[in-house]
Structures are given as structure tokens and as C-alpha cells.
Amino acid sequence: MAGNDFSLPEFLGTAIDAAKEAGEIIRKGFYETKNVEHKGQVDLVTETDKACEDLVFNHLKEHYPSHKFIGEETTAAHGETELTDEPTWIVDPLDGTTNFVHGFPFVCVSIGLTIGKVPMVGVVYNPIMDELFTGVRGKGAFLNGNPIKVSSKDELVKALLATEAGIKRDKATIDATTNRINSLLFKVRSIRMSGSCAMNLCGIACGRLDLAYELGYGGPWDVAAGIVIVEEAGGVIFDPSGKDFDITVTRIAASNPLLKDAFVDALKQAE
């Protein structure tokens, strides 16, 4: 059966090949004039997003025609596809589109495979910085082939936190977002907004970041790959409320295990 453990390394290899090919398109487009469209007030999409999704899906479908596929741009164009227990490739062809448009190098292609709704394989590739993050359930997490692990920080005051402003610009959302950040700034060392949810999760996995959360991100394509990579690096993924993470709900938090409880308390106090 396609979901057996022995197949996971093969799935990883196929995903890496697809990510590298998409990365070439991103790298080429990064230094060229972009044709930008708006999906919302500040939510952007480019020809590169669409070209990368087509390339990744075609590559994966060639190898696994019976698998399901969920992608950011196809979802935007055709509506949501329900996540089932079937092997499902969940793809963000260009996470960090706004960064891409501005020439800010935190951009990546994110390819995750879920089986039974559980992320099993994750590949996140930043072609501008040439960083390839990979994870396979039960097999560890790696950056450019070298094993990675989460940080060992055990105090919030020494922790570096990543979050994002999101794409909504109504006053209630902005006030809630800035009030939350204001509260957290008294408790952590500092805060970063990289502009890429997938890259933030990889930052947790390799110990560059200690804490991350995001509320109201685009969809499962932002996190499917990063979840495996974080967990295989020894990190924890959870709902910012402290409850179990649900991939169908756009709320995520990640940290090393030592900081989770204090982080959840700080997030509750920030609400």
C-alpha cells in the first residue's frame, strides 16, 4: 500500500526533486520583474506561484496518479478540497510571495504529504538561500542533509519568537494582533516576522527560533511540511490555546518541549 513506511523515503525523494525544480523557477523569477496580482488587499500572487504549483503537481502526479492533491493556487481558483485519509500532497508553491515581490529572501516551496490526515513527509526549500529542510515521520529532520534539532532554551525571556501580521486589515484584527505582540514583548527576548509560515516552522526545527505562532494563515499548505520537520527535530506543534493542533483550523504554535507550557500561558494572558 502507498502509505507503508517503506514508501516514505521514496516519497521524500520525489518531493525533493519537485522542490528543487520549483526552486529553479523561484530563483530565476526572484531577480526579474514580477507580474503581480492581488488575491486580497495585501495578499499577492504572481506568475511564479502558478508556474511552481503546476510543475510540482505534474511531477507528483506522474509518480503517484492515485494520490490526492491540495494546493494554495488551485484552492484559490477552484475552492477548497476536503482533506481525507488518502495519501494527499499539500503544496504551497511559493510561501512568502510578498517577500518574493519585494526581493526579500525568505521565500520557499513547501511540499507536505499527509496519510490518514497526519503529515508524514515534509520538504521546504528556500532556493535563494539554498536551504533544503526535510523530515520523514520516524526518520528525523535535516537541513541540507545534516541532522537538526530544536533549541534547548527553557526560559521565555531568553526566547526568540516568530509570528506574522496576517493578511486581514480590519481594525479589530489589527488591534488584536498588535495587542498580543505588545503583551508578548514584555516576556520574550524579541520578535521576528519573516513573512513565511513555513520558514518560521523550519526556524523552530533548526533552533534559530524558539517560539512561533500564527493565527489565520492561508491554509494547510502553509504548515503541512513544516509540522513533520518540527516534530522530527524534537519540537512540539499545538494550537495556541494549548489544545491539540488541528490541520483543518488555521491556528498553529510551535516550540521546543521545554517552553510549551510557559508559551501557552503567555499567549492566554495576551488575549
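1. Leaving aside neighbours within four places in sequence, Thr-14 is in contact with His-59, Leu-60, His-63 and Tyr-64, where contact means heavy atoms within 4.5 Å. Thr-14 itself is found in helix α1, which covers residues 8-30; helices here are DSSP runs of H or I with at least four residues, strands are runs of E with at least two, and both are numbered from the N terminus. Thr-14 counts as buried because its relative accessibility is 6%, and the cut-offs are under 20% relative accessible area for buried, over 50% for exposed, and partly exposed in between, with a 1.4 Å probe and protein chains only.

2. A word on the basis of these remarks: this is a predicted model, in which local features need pLDDT of at least 70 and side-chain atom pairs count only at pLDDT 80 or more, while totals for chains, interfaces and linings use all residues. Residues are numbered from 1 along each chain as its sequence is written, and side-chain values use heavy atoms, with hydrogens and water left out.

3. Thr-75 lies in helix α3, residues 72-78, and counts as buried because its relative accessibility is 11%. Not counting residues up to four places away in sequence, Thr-75 touches Ile-70, Glu-80 and Trp-221.

4. Strand β4, residues 88-95, is mostly covered, since 8 of its 8 residues are buried. Strand β3 (residues 68-71) runs parallel to β4 and is joined to it by 4 bridges; two strands are said to pair if DSSP finds at least two bridges between them. In this pairing Gly-71 stands opposite Val-91 of β4. Strand β5 (residues 108-115) is also joined to β4, by 6 bridges, and these two strands run antiparallel, with Ile-90 standing opposite Gly-112 in β5.

5. Please look next at the hairpins. Strands β7 (residues 131-136) and β8 (residues 140-143) run antiparallel and are joined by 4 bridges, and Thr-134 stands opposite Phe-142 in β8. The hairpin that β7 and β8 form has 3 residues between the strands, and Gly-138 in the turn has a positive phi of about 85°. Strand β8 also pairs with strand β9 (residues 146-147) in the antiparallel sense, over 2 bridges, and Leu-143 stands opposite Asn-146 in β9. The hairpin of β8 and β9 has 2 residues between its strands.

6. Which residues other than glycine have a positive phi near 50°? One of them is Asn-144, with phi near 50°, which is placed in the loop between β8 and β9 and counts as partly exposed because its relative accessibility is 43%. Asp-130 also has a positive phi, of about 50°, although it is not a glycine. The place of Asp-130 is in the loop between β6 (118-126) and β7, and Asp-130 counts as partly exposed because its relative accessibility is 44%.

7. How many disulfides does a search of the whole structure find? The search finds 0 disulfides, a disulfide being a pair of cysteine sulfur atoms within 2.5 Å. For Cys-52, which is in no disulfide, the nearest cysteine sulfur is that of Cys-108, 11 Å away, and Cys-52 counts as buried because its relative accessibility is 0%. Cys-197 is likewise in no disulfide, and its nearest cysteine sulfur, that of Cys-108, is 9.3 Å away. Cys-197 counts as buried because its relative accessibility is 6%.

8. A search of the whole structure finds 1 cavity of 30 Å³ or more, where a cavity is a set of points, on a 1 Å grid over the protein atoms alone, at which a 1.4 Å probe fits but cannot get out. The largest cavity has a volume of about 50 Å³, the volume being the space filled by probe spheres set on the points, which are joined across faces, edges and corners. Its lining residues, which have an atom within 4 Å of a point, include Cys-197, Asn-200, Tyr-213 and Glu-214. The elements that give two or more residues to this lining are α6 (197-205), β12 (211-215) and β14 (251-255).

Notes. On a 1 Å grid over the protein atoms alone, a cavity is a set of points where a 1.4 Å probe fits but cannot get out, and a pocket is an open set with protein on both sides within 12 Å along at least five of seven lines; lining residues have an atom within 4 Å of a point.
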